[in-house]
Amino acid sequence: MVDAARHPNIDIRTYTNVERVEGYVGNFKVQLRQKARYVIRERCNGCGECARVCPIEVPNPFEMNLAPRKAAYVSMSQSVPLLYTIDIDACIHCYKCVEACGALDAIDFSQQDQVTWEDIGAIVVATGFNHFDPSPMTEYGYGKYPNVITAMEMERLNNAAGPTVGNLIRPSDGINPKNLAIINCVGSRDQRFYPWCSNFCCMYGIKNAVLLKQMYPDMNISIYYIDIRTPGKGYEEFYNRAREMGIRFIQGRPSLITEDAGTHNLFVHSEDVALGKVVEYEYDMVMLNQAAVPQPDVDSVSSVLNITQSPGGWFMEYHPKLRPIDTPTDGIFLAGACQGLKDIPASVSSGSAAASRASRILHSDQWEIEPIIAQVWEDRCISAQGKQCGLCAKACPYGAIEVEVGKPAKVFVAKCHGCGGCVAECPHNAITQMHFTDAQILAQIRTLLAEKPEEKILAFRCHWCSYGGADLAGTSHFEYSANERGIRVMCSARMDADFIYEAFRLGAGAVLYSGCHPQDCNYITGQRVGAARADRLMKIFEKMGMTPGRFRVEWISASEGDKYARVINEMQKVIDNIPREQLLKEIETLRPQMEQRARRMYETPQVDEALIYADKLKAILTAKENPGE
Amino acid sequence: MNEHKLDTTSSFADQVRAIPGGEHLDLCYSCGTCVSKCLIQQKVEPEYNPRRLLRMVMMDKREEAFKSPTTWLCSACDLCYPACPQQIHISGVIGAVKQLAVEAGYTSPLETVKVDETLCSGCAICVMSCPYGAPHLIEKEVNGVMDRFSEVDVNKCMGCGICVAACPMGAISRPGVANVDILPQVRVEKIKGVPSLVVFICDWCLREDDDVALLESYPPNVRVIHIPCSGRIDPQLALFALSSGIDGVLVCGCALGECHFKRGNYVSACKLSILDTMLEQMDVADRRVRFVRIGTQERGQIRREIDAMLELLGSFRVVN
């Protein structure tokens, strides 16, 4: 840390909040609020004279409130940079600190919060995690029985720099405990509080047990556990070492702790699962290995940075396996436990990875993106004509579109990822997606439905999931109907209602609308935009009186090749079960309605190109079918 | 023998899951919280183990589950339900197994209440008072007369004795704690020394062994009578004790929400609070009959309560 602080290119801002983030990758504008610490940063040398003379003592949260600190304080002695802060809520304005500071003259009670805007190229979020307060779990009596402590309190009591100078004493009477119980999974793996496994507590509990056993060889230590999880290099060996040292492991989650009111000794009731018997042992002290939980302010951080959260409140990575450091917003990276609970080695690795991802941005003059971005036909956008719309901005998962009444919608190219949601949502067809234009997709629809359309199943597949699923069905040789014809788009959000109307207008037998499962969407919320549209379409077709099953919506992942084949075969059965004359009659009846609904698409600029594309496609297909000619 | 073969189509586990209460069976990860929260293993049956019963169901061990004491001894007090980290409604699962066991012809091995048909008037107060819906009215001919009588479903009765206290005709009895068993013990000539105190203590409100042992250590002026549930206490028992010259009566029940028989502690608390008012009207307003709730987490509370009662009764003696 000290090295980092001395580095000419590293500027550490402590006691500072990030309030707003604007711009995009490489060009962020960040608003920082440097909170008033009433100490001049440039002058303070960290000597601590102010704290020595300060008459006010308040609980010290760094010591888990087991010791006091002064109103003039540093949060911990290893703080970098070592700057004192005046806790203005506790300060009585006696100004003794000003006197003690003397010639340095570092204390300034007139200081105000400083708000600045800074240019930032990349952002790494490393906000860490918090601890669960076990007092709501009344069965363990934390907060009621003095000798039930949390793991963090143990950490301070056991620390040479802590309030007891490393002498482990129990809070009720200050003697060294002889019998200690460590209870794992307090609040974690618990549907009443936090359902997840907190990842490192097993190892952490064993570490504390081994440490204490080395310091106090006479101490009897029991660890109560549901399962011991030691998934790391050397971890299982460490667990075995703890067993060999004589630490007692009891499989069984305690249901109750009772206290002897006289001695303040504790009785832990649990089942010994290996014996199948209820056991009750007496201890001097109990340590609760409490759950690790997200920071309380994750919501405001994620809204400031425009990054999403996984269930539970961890920041969402771009892809859990392939891009675990990146967020869906380019230029913002995640390090450590804020993304998901990690132990120290994993946190250090992810920190290094995030720094290296960020330096890629800082070292390049240009930033490459996929060329499939959205473009606005400015003359068609009704926002430019002074009307309220903004549907495109609402559909965009990346906040890449800015809409201001009186001006055409504006796409920030660097933020656009090319899902095409805005293109399909725009009711005036005023946006197009490069390489996935309406004309190009229309040409595919028309070509694929050129002959005997009533026999065909037209499948719209999203690039990331259902296209992969169809691919897997092919490579795995799952048999499915040969009448299936697929069209690839980037996301189910791009599957414009007009395409579906057009397909049915042309007389398609059935249409499949397929994409990722909601949690798998490559474009954060693109699937939800697509799914909402599919719901609307389903209702419309139902009202029109279309045979159920001719329009089908399925979410198929890239690993579900078998599902893709099954869905297509089921759709083929639906078509087969309708007598041919009846099907043709239904298509004819519905055709005018479909045409009416799809009419706006025919006005789209460059839609005429579809005819040229269609001719070219037809030529290619013919050449494929008749290789001799 | 298909002991090791798992039938996943319509297994025993599926049948249990299909009964309301049995749904969340598969979430159990065998942490043992339910076993140690429950007092049955410690107090009644060492083989009692809800976690293992859930496992038997999951592994399709039908006969073993039906024969297990866990199936029959669970009184659905639901102490384990709020403690379960997976929020499995364990008594619901056990109830589902019990239902299947009864359908398969197994019967409860528990000691249940008996109705004396010569005394029963068919008033149905027992039907209303039972937390398990065990008694119901039937019509049958006794001594040549068609009449309504109460009949108890032995597979539902848990033997708490709430109906015994409720029956106005004294027609219901439970072996061991019938009126004929208790009344002779609350006579003053049986209790040596002053102040004389009768302590009715519910079997389920003391968790700690040293608290249970404490009850034996009092001198003979304190008579401790164990009852299955504080709901068994009929106010008449207390009045009988007072009228026979005993100084005080202490009824100990479980804390709110901890009753082993769902609501026995509410029933007795209500009855004894009415008795309190009655005694006040009779100018016996010094709280000689007292109901106290003993929490299972409160080690040593029973000693404090009895000592406080003895002190109170001792002070009356001095004044009188």
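**Strands, helices and chains**

Tutor: Start with one pair of residues: Asn17(A) stands opposite Arg33(A) in strand 2 of chain A. Keep in mind that this is a predicted model.

Student: In which sense do strand 1 and strand 2 of chain A pair, and over how many bridges?

Tutor: Strand 1 (residues 16–24) and strand 2 (residues 27–34) of chain A are antiparallel, and eight bridges pair them. In general, strands of a sheet pair through backbone hydrogen bonds, either parallel or antiparallel.

Student: How many residues sit between the strands in that hairpin?

Tutor: Two residues lie between strand 1 and strand 2 of chain A, and Gly26(A) in this hairpin has a positive phi near 85°.

Student: Which way does strand 7 of chain A run against strand 2 of chain A?

Tutor: Strand 2 of chain A runs antiparallel to strand 7 (residues 114–120) of chain A, and seven bridges join them. One place to look is Gln34(A), whose bridge partner in strand 7 of chain A is Gln114(A).

Student: Next topic. What is the order of the open sheet of three strands in chain A?

Tutor: The order is 14-15-16 in chain A, and the pairing is antiparallel.

Student: Why is one side of strand 14 and of strand 16 of chain A left without a neighbour in the sheet?

Tutor: Strand 14 (256–259) and strand 16 (277–283) of chain A are at the edges and each has a single partner strand, so one side of each has no neighbour in the sheet. On average, neighbouring strands in this sheet are turned by 25° against each other, direction ignored.

Student: How many bridges are there between strand 15 and strand 16 of chain A?

Tutor: Seven bridges pair strand 15 (residues 266–272) of chain A with strand 16 of chain A in the antiparallel sense. Within strand 16 of chain A, Tyr281(A) is the residue opposite Val268(A).

Student: What is the phi of His264(A)?

Tutor: His264(A) has a phi near 60°, which is positive in a residue other than glycine. His264(A) is found in the loop between strand 14 and strand 15 of chain A. For background, most residues other than glycine have a negative phi, and most peptide bonds are trans.

Student: OK, peptide bonds then. Where are the cis ones you want me to look at?

Tutor: In chain A, look at the bond joining Val80(A) and Pro81(A), which is cis with omega about -10°. Pro81(A) is in the loop between strand 5 (72–73) and strand 6 (85–86) of chain A. In chain B, the bond joining Val194(B) and Pro195(B) is cis, with omega about -15°. The loop holding Pro195(B) runs between helix 11 (179–182) and strand 5 (197–202) of chain B.

Student: Now helices. At what angle do helix 12 and helix 15 of chain A pack?

Tutor: Helix 12 (residues 466–475) and helix 15 (residues 561–577) of chain A pack at about 90°, and their axes are 7 Å apart. An angle from 65 to 115 degrees counts as roughly perpendicular, so helix 12 of chain A is roughly perpendicular to helix 15 of chain A.

Student: Which residues make that contact?

Tutor: Helix 12 of chain A brings Ser466(A), Gly469(A), Ala470(A), Leu472(A) and Ala473(A), while helix 15 of chain A brings Gly561(A), Lys563(A), Tyr564(A) and Ala565(A). By class, the contact has five nonpolar, three polar and one charged residues.

Student: And chain A as a whole? How many helices and strands?

Tutor: Chain A has 17 helices and 27 strands. Its C-alpha trace spans about 95 × 70 × 45 Å along the principal axes. The radius of gyration of chain A is 32 Å, whereas a compact globule of 629 residues would have one near 25 Å.

Student: What about the two chains together? How many residues of chain B are in contact with chain A?

Tutor: On the chain B side there are 20 residues, in contact with 21 residues of chain A. Helix 2 of chain B gives the most to the chain B side, with four residues. By class, that side has five nonpolar, eleven polar and four charged residues.

Student: Last one. What domains does chain B have?

Tutor: Chain B is divided into domain 1 (12–103), domain 2 (110–173) and domain 3 (176–319). The centres of domain 1 and domain 3 of chain B are 33 Å apart, taken over C-alpha atoms. Six residues of domain 1 of chain B are in contact with eight residues of domain 3 of chain B.

Technical notes
Residues are numbered from 1 along each chain as its sequence is written. Chains are lettered from A and ligands numbered from 1 in the order in which they are written. This is a predicted model: local features need pLDDT of at least 70, side-chain atom pairs count only at pLDDT 80 or more; totals for chains, interfaces and linings use all residues. Domain bounds come from an automatic or database domain assignment. Two residues are in contact if their C-beta atoms, placed from the backbone, lie within 7 Å. Ala, Val, Leu, Ile, Met, Phe, Trp, Tyr, Cys and Pro count as nonpolar, Asp, Glu, Lys and Arg as charged, and the others, Gly among them, as polar. Axes are lines fitted to C-alpha atoms, for helices over the stretch in contact, and angles run from 0 to 180 degrees between N-to-C directions. Angles under 35 degrees count as roughly parallel, over 145 as roughly antiparallel, 65 to 115 as roughly perpendicular and the rest as oblique. Two strands pair if DSSP finds at least two bridges between them. The radius of gyration is taken over C-alpha atoms; the globule rule is 2.2 Å times the number of residues to the power 0.38.
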